[in-house]
Amino acid sequence: MKTIRCYLADDTSSRAAGAERLADTWSERQEIQLIRTSSRGAFFLEPMVERETPNGREAWFNVAPNDLPRVVAGVGGTPVAGIPFLQQQTRFTFANFGITEPLALDEYHTRGGLKGLAAARSLSPEAIVEELRISRLRGRGGAAFPVWKKWQVAQQIRSEQKYVVANADEGDAGTYCDRMIMEGDPFRLIEGMMICARAIGATRGYIYCRYEYPAAARAMRFAIQKAREADLLDCDDDPFDLEVVSGAGSYVCGEETALLESLEGRRGVVLAKPPYPSESGLHGKPTIVSNVLTFATIPNILANGGAWHASLGTEGSRGTMAVQLGGRVKQPGLIEIPFGLTLQDVLDRFGGGMAAGSRFKAVQVGGPLGSLFPESQLDIPICYDAFAEAGAILGHGGIVVYDHETDMVELARHFMAFTADESCGKCTPCRIGSVRGREILERIQRGQGTAEDLFLLSDLGETMKATSLCALGGRAPYPVLTAIEHFPGEFVRRQG
Amino acid sequence: MTIRYKDRFAEILETCRPAWPDNPNILKALLAVQSARGYVPTNAIPQIAQVLGVTDAQVAGVLSYYSDLRTQPPGRHLIRVCMGESCMANHGARVFRAIQDYIRMTAGDPTQAERFTVEQMSCAGNCAVSPTIMIGEDLHGGVDPSDVPLLLEPLS
Ligand SMILES: Cc1cc2nc3c(=O)[nH]c(=O)nc-3n(C[C@H](O)[C@H](O)[C@H](O)COP(=O)(O)O)c2cc1C
Ligand code: SF4
Ligand code: FES
């Protein structure tokens, strides 16, 4: 009997959707061999089995074990190129997803990997930074700071030791693109970090990975080992040490100064800036802390040139955006598109409508510190400037859709409780204000709130915004205040 | 505590002893202890502090700061329910209640003691297949409250 080679994703969410069970039941079958790849990110279709045909890959969706005969006979498949959710995307950073085996370095290489690093090695450190300046790449972790500026600072300081740190804390609930990169294309992160090491002259790197991502940490450790064996880990002929370090469940440790405190083994509290990590970071040495997606975007920029990157997107937001769609939509998943589409466009083209039995209520963009948008405000273009103007943030690109059953008072309470739990305690408005905010909302929930309480919340929010040291305290009021602004009835109705 | 266990504990700690000129890394040491033992007993703080060359208060400070560090032994099965926004939107709170109900149902039975520890967790990165729960390191997505008995029953 002929054995047919098929592809099935090996990603945390693919496994959660049933890929593992499928692989287990089919593992004994002679007629099929499953190659485990990264995931395309169309998680609503998983487990998705693909096979090669003369016209490119075909896919079977939501495959159950007893679908084997159909797949083997080649009936009922859909050309991958014809899946609207994927077809309408512009995949650069995620070009390999669903195609390659995550830990196959040769495949990574064949598909254009390591070209960026090779280009960087032929350039002077100054020329690398210049390329990034031209690219107009801004950090993808949330603060959207121009990457080249940080690199230039670290490059120009003379120091016998410098560090490169990948922020893999991915604390914003609703986001998962860093996890996908680490599990699905780990060499891209390594390549990005190596380019940074070359640009600033670093010989040591760390990947600070959240505790909730055991599979990502495992994949990264394997990939580092493979890269080392292939002699990829060196910087100007010095060995480059790269290590995966685990966090321990603190949201604020995603903030760069807290992250570095945690990396040194201390309590992850936020430090006042300046000095910035690029001047004085880990162990007091110049340190670049960048988000995983930021590093993963850099190989293509060096390979194709900064001008290529700058040609994508909008005026202030160049390149592509990794939208991570979640919540009550039919088609949650990863969407890589140039900046500029409106929220409405993204929901219409990719979301596929609301989940069965659900009606749209609101969408939250940018994680637990991001604002809520009602239906009437979905015409906002997805780019840093438009969001800043609206007092909102794109954050790390998470978009969560809530349905009509969502209780806005409970949601607001959840956000205040989250801040109270996660505050590092350094500033009073954040530490105490979040507890007071939670108490007020609990009072409203019990039906004992007064009209005064909403003024109090708004007052408290303004104080937190104005006087907090970091964005946890400074942005925590936004989801709460936008909930009150757009759904005042729910808060007023509960008043005693 | 058996002698054997004590030796192992010392062994783990020994791997965390800072090699000059490195600084002691308290968090790393505590994570190493937890990954071997399932939790960090507070009565081990002096020993940990001594090996690392730091004060007891410094160790206690780090231990209390991080929510994933545990000072009590978990049950035989550690269940964590994601309370992130995508799971909230998909009514993960109902799954949490179903788990609590299931456990309450068996509460009087002495053979059930120490069977489960239930905690809330922040986002597991499985937002597209939410709501999410983790049982040990096994992640389950798209969990419906009605799935709960099926998931928990086989765990003894
Ligand atoms: C409370 C808080 C949490 C943060 N969490 C993360 C995170 O999980 N991942 C991340 O990359 N950046 C996070 N940041 C942003 C970092 O401080 C920093 O700006 C970022 O890692 C820099 O990388 P970038 O330039 O590539 O964005 C957080 C910031 C704050 C204030
Ligand atoms: S705003 Fe909150 S989390 Fe940020 S430094 Fe102040 S207390 Fe810490
Ligand atoms: S919000 Fe629950 S897995 Fe992300």
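This is a predicted model: local features need pLDDT of at least 70, side-chain atom pairs count only at pLDDT 80 or more; totals for chains, interfaces and linings use all residues.
Guide: Residues are numbered from 1 along each chain as its sequence is written, chains are lettered from A and ligands numbered from 1 in the order in which they are written, and side-chain values use heavy atoms, with hydrogens and water left out.

Visitor: What makes a residue count as one of the 19 around ligand 1?

Guide: A residue is near a molecule if one of its heavy atoms lies within 4 Å of it, and of the 19 residues around ligand 1, those that come nearest include A:Gly141, A:Asn167 and A:Thr294.

Visitor: Why is the pair formed by A:Thr294 and ligand 1 called a polar contact?

Guide: A polar contact is a pair of N or O atoms within 3.5 Å. A polar side-chain atom of A:Thr294 lies 2.6 Å from an oxygen atom of ligand 1, so this pair meets the definition. A polar side-chain atom of A:Asn167 lies 2.9 Å from a ligand 1 oxygen, and for A:Glu256 a backbone N or O atom lies 2.9 Å from an oxygen atom of ligand 1.

Visitor: How much of ligand 1 does the protein bury?

Guide: Taken alone, ligand 1 exposes 610 Å², and the protein buries 92% of that, with accessible areas coming from the Shrake-Rupley method with a 1.4 Å probe.

Visitor: Which elements give two or more residues to the shell around ligand 1?

Guide: They are strand S11 (287-291) and helix H20 (471-475) of chain A, where helices (H or I, at least four residues) and strands (E, at least two) are DSSP runs numbered from the N terminus. S11(A) gives the most, with three residues.

Visitor: What makes a residue in these shells nonpolar, polar or charged?

Guide: Ala, Val, Leu, Ile, Met, Phe, Trp, Tyr, Cys and Pro count as nonpolar, Asp, Glu, Lys and Arg as charged, and the others, Gly among them, as polar. The shell around ligand 1 has five nonpolar, eight polar and six charged residues, while that around ligand 2 has eight nonpolar, four polar and one charged. Among the closest of the 13 residues that surround ligand 2 are A:Cys424, A:Cys427 and A:Lys426.

Terms used: A polar contact is a pair of N or O atoms within 3.5 Å; within protein, one must be able to donate a hydrogen and the other to accept it, and residues adjacent in sequence count only if both atoms are side-chain atoms.
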